[in-house]
Amino acid sequence: MNLKEHVIEAFEQRFGERPSTIIRSPGRVNLIGEHTDYNDGFVLPLAIDRAVWLALRPREDGRVLAYSQEQPEPTDFALRESQHTNSGWAEYVKGMARMLLDAGYDLTGWEGVLTSDVPVGSGLSSSAALEMAVGRAFAAVSNFPFDGIKMARLGQQTENEWVGANTGIMDQMISANGRAGFALLIDCRDLTMAPIPLPQETAVLILDTMTRHSHTDSGYNERRESCERAAAFFGVSHLRDVSLAQFEARAAELDDITRRRARHVITENDRVLAAVQSMQAGDAATLGRLMNASHASLRDDFAVTNAQLDEIARLAQAQPGCFGARMTGGGFGGCAVALVEAEMAAEIATAVAAQYQSAASLIPHIYITTASSGTATL
Ligand code: ADP
Ligand code: MG
């Protein structure tokens with residue numbers, strides 16, 4: 001049974017009738033452009049074929065009641081009285097409701113069931129998929145248009161102000177606005193987007209190391225602080241505004257850590273723009289080399305890989321038919337992404353799985369994914 005049928009059936013069992021609305025909201029994988037979003041830079045993610053599915057109907061009493069097939073406790077709260085109670089996944093739902101109310105939306109309540117095949121905490125952004133599903137649910141029952149950019153901002157606010165994760169806006173932008181068959185170049189300063197076609201006859205592999213990050217780890221916030229320090233040194237609001245030439249002219253004045261962190265962000269922004277050019281030219285080899293360079297920069301300069309990410313990226317890069325591979329997402333665990341020849345994808349996945357298992361003593365999860373469309377009712 002696919003997830004759509006599954007979520008409809010789960011809804012019917014709970015509520016005894018068909019849902020009025022069914023929502024699909026995808027996870028994402030970032031091809032290139034890591035730790036650039038909060039530096040007002042460029043990212044190039046795609047929405048994946050794994051998603052949060054939510055089936056629901058409106059409620060007239062101003063409450064939200066949601067069950068997750070993946071969580072024991074339901075989320076149950078009154079829209080206008082919601083409190084932050086640190087109760088796990090409920091906070092994403094309450095947070096979105098609060099951000100929408102604070103932004104002036106007139107909300108109707110709803111009740112429903114959700115299920116998902118986006119793995120949690122692996123860097124494929126199950127939280128953004130959930131937030132955008134919740135935003136879409138409120139749009140459906142409260143009769144306002146789902147604006148993918150506004151909703152992405154509210155999702156980021158939910159993470160930052162309600163959940164307490166100091167994340168950028170990439171995840172919500174791509175989940176809400178993804179386009180089937182395309183990656184999206186997103187300028188995280190003005191939130192403009194351009195669809196960029198994936199090279200012909202290539203496939204995207206997601207390689208989950210099965211090691212996990214946590215956004216409350218200090219590492220993530222430390223990286224952000226280093227970037228802010230570097231931007232202040234150059235007299236700009238964000239590292240987006242520092243060119244490689246400007247950086248090199250004054251790099252020697254920076255301490256070693258700040259210099260490395262800034263160099264990653266500045267070179268990564270250039271790599272994203274080069275990646276777009278290579279994709280527009282259908283040049284998978286160049287795109288792959290840029291992905292490899294991105295991994296090296298994240299490992300050596302930004303220092304957000306772990307041994308398992310380095311290992312799985314190295315193994316993927318070494319396979320015949322692999323154009324390039326890199327860690328993806330925030331780092332410190334989670335997934336790598338590889339661009340491979342489509343007809344070799346299954347073979348490469350099998351080879352990397354076996355080699356990684358013997359090197360790391362962990363069984364990786366490897367998915368061949370396709371670029372899907374963003375959050376929508378179906
Ligand atoms: P990720 O990298 O997957 O976004 P996060 O830690 O940012 O990891 O978000 C994961 C959290 O999102 C989970 O702990 C849970 O609170 C919520 N979440 C994700 N998927 C689901 C789901 N299917 N049902 C309920 N909550 C979910
Ligand atoms: Mg998340």
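**Ligand site, sheet and helices of the predicted model**

Of the 17 residues around ligand 1, those that come nearest are Ser68, Glu70, Gly121, Ser126 and Ser127. The model examined here is a predicted one, and the distances given below are therefore to be read as values computed from that prediction. A nitrogen atom of ligand 1 is placed 2.9 Å from an N or O atom in the side chain of Glu70, whereas an oxygen atom of ligand 1 is 2.6 Å from an N or O atom in the side chain of Ser126. In the case of Gly121, it is a backbone N or O atom that lies 2.8 Å from an oxygen atom of the ligand.

Six strands form an open sheet with mixed pairing, and their order is S5-S4-S6-S3-S1-S13. Strand S5 (75–78) and strand S13 (376–377) are the edge strands, each of which pairs on one side only. Strand S4 (residues 63–68) runs antiparallel to S5 and is joined to it by four bridges; within this pairing, Leu65 has Asp76 in S5 as its bridge partner. Helix H2 (residues 90–102) packs on the sheet, where it touches S4, S5 and strand S6 (109–116), and the direction of H2 makes about 30 degrees with that of S5. Helix H3 (residues 126–142) also packs on the sheet, touching strand S1 (21–30), strand S3 (45–59), S4, S6 and S13, and the direction of H3 makes about 40 degrees with that of S3.

Helix H4 (residues 148–163) has as its buried residues Gly148, Met151, Ala152, Leu154, Gly155, Thr158, Glu159 and Trp162, and these buried residues pack against H2, H3 and helix H5 (170–177). In an α-helix there are 3.6 residues a turn, so residues three or four places apart point the same way. At the start of H4, a side-chain oxygen of Asp147 reaches to within 2.9 Å of the backbone nitrogen of Ile149, while the residue that follows the helix, Gly164, has a positive phi near 90 degrees.

A hairpin is formed by strand S7 (residues 182–187) and strand S8 (residues 192–197), which pair in the antiparallel sense over six bridges. In this pairing, Ala183 has Ile196 in S8 as its bridge partner. Four residues stand between the two strands of the hairpin, in which Leu191 takes a positive phi near 60 degrees.

The side chains of His35 and Tyr38 are joined by a polar contact of 2.7 Å. When residues up to four places away in sequence are not counted, His35 touches Tyr220, His264, Val265, Leu298, Phe302, Val304, Gly329 and Gly330. Between Glu81 and Lys94, which are 13 residues apart in sequence, the C-alpha to C-alpha distance is 9.8 Å.

Conventions: Residues numbered from 1 in each chain as written. Chains lettered and ligands numbered in written order. Predicted model: local features only at pLDDT ≥ 70, side-chain atom pairs only at ≥ 80, totals over all residues. Heavy atoms only, no water. Pairing = 2+ DSSP bridges. Contact = heavy atoms within 4.5 Å. Axes fitted to C-alpha atoms, helices over the stretch in contact; angles between N-to-C directions. Near = heavy atom within 4 Å. Polar contact = N/O pair within 3.5 Å; in protein donor to acceptor, adjacent residues only side chain to side chain. Buried < 20%, exposed > 50% of the residue type's maximum accessible area, 1.4 Å probe, protein only.
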